[in-house]
Amino acid sequence: MAQKIVTIYTDDLTGEESAEVATHSLAVDGIAYEVDLAPDSYDKLLEAIGPFLKAGRRTGRVKAGAAGARKVSGSASGSGETAKIRAWAKENGYEVNERGRVSADIREAYQNANK
């Protein structure tokens with residue numbers, strides 16, 4: 001007997017399916033939260049809390065495994081894809097860092113150019 005398991009990753013903010021969903025952790029008033037977001041929704045989160053982060057004080061890191069972004073999706077949207085997007089962006093005149101997140105604008109431009 002064969003069995004097929006399909007995992008669908010959904011953006012918690014928009015309810016849309018995405019292969020690029022990642023889990024992000026944050027804490028407010030000592031209560032920890034996790035939210036699964038696609039890159040566009042994550043950008044909205046950073047835009048919304050950005051002024052508070054800039055005005056706030058860093059108090060250090062929380063215990064390993066309790067903070068940061070963990071990839072939820074499979075290898076299709078992992079570093080191999082990101083490396084391709086970075087290379088494409090550089091070849092096409094976009095300014096992109098060697099490390100860290102690739103902006104949603106660059107990802108979208110890459111996807112539109114490679115349809």
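Predicted model: local features only at pLDDT ≥ 70, side-chain atom pairs only at ≥ 80, totals over all residues.
**Entry 1: Leucine 13 and the ground rules**

I began with leucine 13, which is exposed, with a relative accessible area of 55%. Residues are numbered from 1 along each chain as its sequence is written, and side-chain values use heavy atoms, with hydrogens and water left out.

Leucine 13 sits in the segment before strand 1. I looked up its contacts, a contact being heavy atoms within 4.5 Å. Setting aside neighbours within four places in sequence, leucine 13 is in contact with Leu37, Ser41 and Lys44. I also checked leucine 13 against valine 35: they are 22 residues apart along the chain, and their C-alpha atoms are separated by 8.4 Å.

**Entry 2: Glutamate 17**

I stayed in the segment before strand 1, where glutamate 17 is also placed. Glutamate 17 counts as exposed, because its relative accessibility is 59%. Not counting residues up to four places away in sequence, glutamate 17 touches Ile8, Tyr9 and Thr10.

**Entry 3: The overall plan**

Next I stepped back to the whole protein. I found three helices and three strands. These are DSSP runs, numbered from the N terminus: helices are H or I with at least four residues, strands E with at least two. Along the sequence the pattern reads β-β-α-β-α-α. Of the 115 residues, 26% are buried. I also looked at contacts with a separation of 6 or more: residues 24 or more positions apart account for 46% of them.

**Entry 4: Threonine 23**

Is threonine 23 buried or exposed? It counts as buried, because its relative accessibility is 6%. Threonine 23 lies in strand 1, residues 22-28. Its side chain joins that of aspartate 36 through a polar contact of 2.6 Å. By a polar contact I mean a pair of N or O atoms within 3.5 Å; within protein, one must be able to donate a hydrogen and the other to accept it, and residues adjacent in sequence count only if both atoms are side-chain atoms.

**Entry 5: Salt bridges**

Side chains of opposite charge can pair when their charged atoms come close. The rule I used asks for a side-chain nitrogen of Lys or Arg within 4 Å of a carboxyl oxygen of Asp or Glu. How many salt bridges does this rule give? The count is three.

One joins the side chains of glutamate 20 and arginine 107, at 2.9 Å from N to O. Glutamate 20 lies in the segment before strand 1 and arginine 107 in helix 3, so the pair ties together parts 87 residues apart in sequence. Both glutamate 20 and arginine 107 are buried.

Another joins aspartate 43 and arginine 101, also listed at 2.9 Å, N to O. Aspartate 43 is in helix 1 and arginine 101 is in the loop between helix 2 (79-91) and helix 3, so this pair ties together parts 58 residues apart in sequence. Aspartate 43 counts as partly exposed at 25% relative accessibility. Arginine 101 counts as partly exposed at 39%.

I then looked up glutamate 98 and lysine 90, whose closest N and O atoms are 2.2 Å apart in a salt bridge. Glutamate 98 is exposed at 57% relative accessible area, while lysine 90 is partly exposed at 41%.

**Entry 6: Aspartate 29**

Most residues other than glycine have a negative phi. I noted aspartate 29 for its positive phi, near 50°. Aspartate 29 lies in the loop between strand 1 and strand 2 (31-37). It is exposed, with a relative accessible area of 77%.

Notes. Buried < 20%, exposed > 50% of the residue type's maximum accessible area, 1.4 Å probe, protein only.
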